[in-house]
Amino acid sequence: MTIEVKNLVKKFGSFAALDGVDLKVDNGELLALLGPSGSGKTTLLRIIAGLDWPDSGEVSFNGEDALAQGARERHVGFVFQHYALFRHMTVFENVAFGLRVQPRAVRKDEATIRARVKELLDLVQLDWLADRYPSQLSGGQRQRIALARALAIEPRILLLDEPFGALDAKVRKELRKWLRSLHHEINVTSIFVTHDQEEALEVANRVVVMDKGRIEQIGSPDDVYETPATAFVHGFIGESIELPVQVEGGVIRLGDHPLRLAADGLAPGASKLFVRRHDMLVGPPGSGAFEGAVQHVRNFGPVQRAEVALSGGQTIEIDAPRGRELRAGDTIGLEPRRYRIFAGT
Amino acid sequence: MGLTLTWLSVIILIPLAGLFLKSLELSPEQFWNILSSRRTLNALRVSFGLAFAAACVNLVMGSIIVWALVRYRFPGRRIFDAIVDVPFALPTAVAGVALTALFAEKGWLGAPLAALGIKVAFTPVGIFVAMIFIGIPFVVRTVQPVLQDLDPEIEEAAGSLGASRWQTIIRVILPSLAPALLTGLALAFARAVGEYGSVIFIAGNLPNVSEIAPLLIVIRLSEFRYADATAIAVVMLVVSFVIIFAVNRLQRWAQSRIPAR
């Protein structure tokens with residue numbers, strides 16, 4: 001199933017949750033919608049599911065207008081952040097729900113339903129919980145049951161709204177791996193929403209980065225990390241050093257201080273310089289584009305994180321490899337191995 | 001612990017025990033004669049029958065009111081929410097007088113109804129109306145917090161799984177609310193059975209037709225037939241107790257299907 005979204009606009013009062021969104025999702029993809037809260041990613045997902053309606057724009061599944069159908073007709077599996085399990089039903093009945101409410105003409109007989117539910121519970125590896133109630137399960141188990149319930153109707157598309165958002169860090173990590181392998185197994189076109197970049201980069205084939213109701217970048221996890229398209233993406237994904245600079249006559253200035261960095265092809269004016277923390281190489285004073293004094297240092301396993309006060313007055317954090325130990329009070333030179341400059345402030 | 005039990009005993013158990021003791025002054029035969037008299041039986045039938053009918057109406061209407069109050073945002077919602085408590089707060093006699101004035105043949109509602117040939121005041125229908133009036137807050141206030149707690153997402157989940165609106169209500173919403181609905185029903189019923197003040201004004205109090213059991217007790221007391229009064233009271237107590245117990249079991253059963261979170 002391919003999904004195509006064209007020029008989608010959705011306003012809540014004067015707040016534009018979606019401000020002209022275009023997106024194409026290929027068959028069998030596992031796509032992540034990544035963005036801070038309020039970026040419109042959940043709204044987009046809910047509109048695709050038929051739980052919300054856009055003010056204008058188009059949504060089509062395999063070229064067919066999806067907005068003409070309600071949530072009920074779209075055959076979309078939706079997994080909620082807080083599971084939304086039916087608490088008065090056993091796990092078994094929760095998963096069976098979608099099969100039991102089918103119109104009489106297409107409803108399967110009881111034996112088929114039981115076999116199908118059993119199969120799904122096996123798929124999510126929780127067949128031994130069939131007779132429990134949702135309240136007796138852990139968060140991770142509940143989310144897997146919610147997923148099994150969504151899969152019961154053999155959805156054309158699977159949508160997951162912050163599926164691991166309410167779980168603790170360890171369970172999240174496990175479920176991420178599990179979701180990826182599950183997707184590999186069932187191969188349903190899937191979209192999941194997350195504000196956790198690590199989750200998006202680790203699980204998805206493609207990542208859509210959103211901010212303020214607009215799509216900032218669409219690309220593979222490598223693309224969005226290595227070649228961010230906008231200042232927002234660079235700042236949002238990965239840990240970046242962000243410095244306000246001025247481009248003038250082929251020179252980049254940080255405050256009054258000209259930097260020894262190439263300014264070829266940059267538009268003059270106020271800009272932003274981005275460097276990944278681990279891309280700042282430490283050298284002796286006077287060796288790099290920047291110079292600064294180490295304020296303090298903390299060790300995080302293989303890296304040392306140092307707070308450095310640049311000679312221009314700004315304070316930045318860098319991640320340097322262990323080996324050449326930094327100490328508070330050292331004066332060091334810093335050379336960005338890679339950097340990007342985006343026009344604008 | 002000891003203090004609570006003592007207090008409960010003084011407040012509830014001792015008066016109840018006294019009631020039973022008083023009724024023991026009667027021989028079993030006398031006791032039976034009082035109960036099987038036509039007037040007593042009719043009074044009990046009127047009280048319990050109408051109270052149950054009123055509780056059922058309150059269950060349905062109360063659920064609708066709760067739904068509107070919890071799920072919709074409309075101007076004046078808070079005022080309507082407060083109005084629900086009026087039957088709680090109003091002295092029952094005031095309520096009785098107000099209802100009687102309203103439904104009397106020349107009242108605002110009574111007049112148009114009389115034109116249709118429906119007589120409310122001074123008939124069993126009047127009792128029914130008064131019982132609905134005083135019972136409604138019990139249903140609303142017991143169901144409201146549970147519905148507020150019920151995540152609208154479960155309805156969306158049901159919808160995206162292919163359930164129609166009707167299937168969602170029957171299979172998802174009502175079962176989730178069942179324990180609260182049954183509690184509300186039991187409370188509204190108990191209140192209606194015991195209601196005195198607001199009913200006697202509108203009832204007309206015709207023996208065998210629109211005379212409620214609590215009124216009959218008062219009448220017996222005023223005739224100094226204390227044992228007669230307590231005999232009726234004991235029966236009311238036992239029947240109420242059995243009904244409350246049954247609803248309680250039902251509620252337990254419904255609750256067991258939704259274990260505490």
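Trainee: How much of the contact in chain B joins residues at least 24 apart?
Mentor: Among contacts in chain B between residues at least 6 apart in sequence, the share that joins residues at least 24 apart is 78%. Please keep in mind that this is a predicted model.

Trainee: How many helices and strands does chain B have?
Mentor: Chain B has 13 helices and zero strands.

Trainee: Take α1(B). Where does it bend?
Mentor: The bend is at B:S9 and amounts to about 45 degrees.

Trainee: What span should its 22 residues have, and how far apart are the ends?
Mentor: At 1.5 Å a residue, helix α1 of chain B, residues 2–23, should span 32 Å. The C-alpha atoms at its ends are 30 Å apart, which agrees.

Trainee: Why does α1(B) lie largely in the open?
Mentor: The number of buried residues among its 22 is one, so α1(B) lies largely in the open.

Trainee: Now chain A. How many helices and strands there?
Mentor: Chain A has nine helices and 20 strands. Its C-alpha atoms fill a box of roughly 80 × 45 × 35 Å along the principal axes, and 41% of its 345 residues count as buried. For chain A, residues 24 or more positions apart account for 66% of the contacts with a separation of 6 or more.

Trainee: What is the strand order in the open sheet of four?
Mentor: The order is β2-β1-β4-β5 in chain A, with antiparallel pairing. At the edges stand β2 (15–25) and β5 (64–65) of chain A, each with a single partner strand, so one side of each has no neighbour in the sheet.

Trainee: How many bridges pair β1 with β2(A)?
Mentor: Strand β1 of chain A, residues 3–12, pairs with β2(A) over eight bridges in the antiparallel sense. There, A:F12 stands opposite A:F15 of β2(A).

Trainee: Which helix packs on that sheet?
Mentor: Helix α1 of chain A, residues 41–49, packs on the sheet and touches β1, β2 and β4 (56–61) of chain A. The direction of this helix makes about 120 degrees with that of β1(A).

Trainee: What about the open sheet of five strands?
Mentor: It has the order β13-β12-β11-β14-β20 in chain A, again with antiparallel pairing. Since β13 (257–259) and β20 (340–343) of chain A stand at the edges with a single partner strand each, one side of each is left without a neighbour in the sheet. From one strand to the next, the twist averages 40 degrees.

Trainee: How do β11 and β12 of chain A run?
Mentor: Strands β11 (residues 240–248) and β12 (residues 251–254) of chain A run antiparallel and are joined by three bridges. A:V247 has A:I252 in β12(A) as its bridge partner.

Trainee: And which strands form a hairpin with two residues between them?
Mentor: β9(A) and β10(A) do, and A:K212 in the turn has a positive phi of about 50 degrees. Strand β9 (residues 206–211) and strand β10 (residues 214–219) of chain A pair antiparallel over five bridges; A:V209 has A:Q217 in β10(A) as its bridge partner.

Trainee: Last one: is α5(A) mostly covered or mostly open?
Mentor: Mostly covered, with eleven of its 14 residues buried, among them A:R142, A:I145 and A:L151. The cover includes β6 (76–79), α3 (91–100), α4 (110–123), β7 (157–161) and α6 (169–186) of chain A. Just after α5(A), A:E154 takes a positive phi of about 50 degrees.

Conventions:
Residues numbered from 1 in each chain as written. Chains lettered and ligands numbered in written order. Predicted model: local features only at pLDDT ≥ 70, side-chain atom pairs only at ≥ 80, totals over all residues. Pairing = 2+ DSSP bridges. Expected span 1.5 Å × (residues − 1). Bend = angle between axes of the 7 residues up to and from the residue. Buried ≥ 20, exposed ≤ 12 C-beta atoms within 10 Å, placed from the backbone. Axes fitted to C-alpha atoms, helices over the stretch in contact; angles between N-to-C directions. Contact = placed C-beta atoms within 7 Å.
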